[in-house]
Amino acid sequence: MSSRNFAAPARRLSLALAAMPALVPMMVVPLAPAAAQEASYVLGPDDVIDVQVYGQFPQPVRLRIRADGNISLPLLGDVRAAGLTPGDLAAAIRQQYNRGGYYTNPIVNVEVVSYVSRGVTVLGAVKTPGIVPLVRPTTLSAVIAQAGGQTGTSEVAILRRRGGAEQRFVIGQIAGTDADPVLQAGDVIVVPASERFFVYGQVRQPGAYPLEPGMTFRQALAQAGGQNDSGTQNRIQLYRAGAKTDIDELDTPIRSGDVLFIRDRIF
């Protein structure tokens, strides 16, 4: 085959190779956050880790960090793990094996299998509920974002903390503000399914409706199409947590689970 016949394929190959550097960052960038997250995580009691000494251990040794903060390894016995990052612990294990004369400059790797000691639990209507590790000071809205965000229309998040009262937050109102609480290890966050209220009686469209942050009784009534020709805004009953009252002020905020009953007009 003549050199001319090779020219076109060679040029196409050259162009393809030239384009490859631009593709590499796109493939590796998604891996960086998870790696950085584990690298900066500070180990604590009840965390589960895999310790691998390449060329010496036939397979990784899976260990749970004890309440005293130590783990037990072959030949070394107790090794302090709590308070160290996975990389720091790997360096300490390598140093102790080397210093004790057991292995010469071993290659050691430590990976976190289960984050327990410094995590928060996210439950409810989020894309990936579970334990989110706290590798740095992290706010409520940031942890919900790490869990994939809400799956419903509810913007409410409930924060439960040991020894404290349950707190409710509207995510869209606190994100990026000083009102966004910094979480502590052991916190539990519950994102409820879409919160709803109910409107019955003399309205045009009775039924259940999604609750939006800051919604008032007046706006709730409008969602149901307003009162019909037989109803009146002056005769609205509220059923809340098993109690029944009359609504005197329509601009009062409505709550999740509230039931509004619009009564007949008195002629």
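The model is predicted: local features need pLDDT of at least 70 and side-chain atom pairs count only at pLDDT 80 or more, while totals for chains, interfaces and linings use all residues. Residues are numbered from 1 along each chain as its sequence is written, and side-chain values use heavy atoms, with hydrogens and water left out.

**Cores**

Select Ile49, Val51, Ile71, Leu73, Leu89, Ile93 and Tyr97, the residues with the most contacts inside the largest nonpolar core, which has 23 residues. Such a core is a set of buried Ala, Val, Leu, Ile, Met, Phe, Trp, Tyr and Cys residues joined through side-chain atoms within 4.5 Å; buried means under 20% relative accessible area, exposed over 50%, and partly exposed in between (1.4 Å probe, protein chains only). At least two core residues come from each of strand 1 (48–54), strand 3 (70–73), helix 3 (86–99) and strand 5 (107–114). Helices (H or I, at least four residues) and strands (E, at least two) are DSSP runs, numbered from the N terminus. Helix 3 gives the most, with 4 residues.

Next, centre on Ile93: not counting residues up to four places away in sequence, Ile93 touches Val51, Leu73, Leu76, Val79, Val108 and Val110 (heavy atoms within 4.5 Å). Then select Leu134, Ile144, Ala157 and Ile174, which are included in a second, separate core of 18 residues.

**Strand pairings**

Show strand 10 (residues 188–191), which pairs with strand 6 (residues 119–124) in the parallel sense over 4 bridges; strands pair if DSSP finds at least two bridges between them. Here Leu123 has Val190 as its bridge partner. Strand 8 (residues 156–160) runs antiparallel to strand 10, joined by 3 bridges, and Leu159 stands opposite Ile189.

**Salt bridges**

The structure holds 9 salt bridges, each a side-chain nitrogen of Lys or Arg within 4 Å of a carboxyl oxygen of Asp or Glu. Select Asp50 and Arg62, whose closest N and O atoms are 2.8 Å apart. Asp50 is in strand 1 and Arg62 in strand 2 (residues 61–64); Asp50 is buried at 15% relative accessible area, whereas Arg62 is exposed at 55%.

Move to Arg240 and Asp258, with closest N and O atoms 2.6 Å apart. Arg240 lies in strand 13 (residues 231–240) and Asp258 in the loop between strand 14 (243–246) and strand 15 (259–264), so the pair ties together parts 18 residues apart in sequence. Asp258 is buried, at 1%.
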